[in-house]
Each structure stands twice: as C-alpha cells, then as structure tokens.
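User: I would like to work through this structure step by step. Please answer a few questions about it.

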Amino acid sequence: MDAERQRQISAEGGRAAHRKGTAHEFDSEEAREAGRKGGQASGGSRRRRTAQTNAAAERNEENERSENPASEGSGSESSAGPAHH
C-alpha cells in the first residue's frame, strides 16, 4: 500500500471517530505531559542519568581519597613532580 493511500485511510478513521464522539483531543495539560515524556525518551533522561552517574563517581573518588589520605598525590593522576624553585 502506498503512503498516500495509507494516509487517506487513517484520515477517514480520524474523521469517523470525531463524528462518533469517541476521538481523543489533547488539552494543554495532556500535551505538556506528552511533550515531557517525549523529551525524556529522546535523551533528556539519558543526559540526566549520565550527569548523576558522573556525580556519583566523583563522590566515590572523594570518599576513597578521604579514606586513604596517604595515597593522595602519589597516584598517576599527577604527571608533574615536586616543584623545586
């Protein structure tokens, strides 16, 4: 079935539902909620989840440093040696 014929059939179904009184029409609140959900599905939640994961990783690193203060500064994070002037 070509796209134009499918569009015509769908449009007729929509018109019939409106004539029958069973068609759903979004009010502004429902439209807002649908848009919010769409934004989450499109990556909004993924970005937020990534930020939360990064924040948790940073907290874990801070906790490890505070539990092991002797290892601070002796790791491979610092490539510069002690400053001698």
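Analyst: To begin, the model is a predicted one, and E61 has its place in helix α2, which covers residues 28-67.

User: Is E61 buried, partly exposed or exposed?

Analyst: The relative accessible area of E61 is 41%. Buried means under 20% and exposed means over 50%, with partly exposed in between. E61 is therefore partly exposed.

User: Which residues form the negative surface patch?

Analyst: Residues in a patch have over 30% relative accessible area and no salt bridge, and Glu counts as negative. E61, at 41%, is over that cut-off. The negative surface patch is formed by E58, E61, E62, E64 and E67.

User: How far apart in space are G13 and A23?

Analyst: G13 lies in helix α1, residues 3-20, and G13 is partly exposed, with a relative accessible area of 41%. G13 and A23 are 10 residues apart in sequence. From C-alpha to C-alpha, their separation in space is 9.7 Å.

User: What distance does α1 reach from its first C-alpha to its last?

Analyst: Helix α1 has 18 residues. At 1.5 Å a residue, the expected value is 26 Å, and α1 comes close to this. The distance that α1 reaches is 26 Å.

User: Which residue follows α1?

Analyst: The residue after α1 has a positive phi, near 90°. That residue is G21.

User: What percentage of the chain is made up of buried residues?

Analyst: The chain has two helices and zero strands. Buried residues are those under 20% relative accessible area. Of the 85 residues in the chain, the buried ones make up 4%.

Note on methods:
Residues are numbered from 1 along each chain as its sequence is written. This is a predicted model: local features need pLDDT of at least 70, side-chain atom pairs count only at pLDDT 80 or more; totals for chains, interfaces and linings use all residues. Side-chain values use heavy atoms; hydrogens and water are left out. Patches are made of residues with over 30% relative accessible area and no salt bridge: like charges are joined within 9 Å, nonpolar side chains (Val, Leu, Ile, Met, Phe, Trp, Tyr) within 5 Å. Accessible areas come from the Shrake-Rupley method with a 1.4 Å probe; for residues, only the protein chains shown count as cover. A salt bridge is a side-chain nitrogen of Lys or Arg within 4 Å of a carboxyl oxygen of Asp or Glu. The place of a charge is taken as NZ of Lys, CZ of Arg, CG of Asp or CD of Glu. Helices (H or I, at least four residues) and strands (E, at least two) are DSSP runs, numbered from the N terminus. Buried means under 20% relative accessible area, exposed over 50%, partly exposed in between (1.4 Å probe, protein chains only). The expected span of a helix is 1.5 Å times one less than its number of residues.
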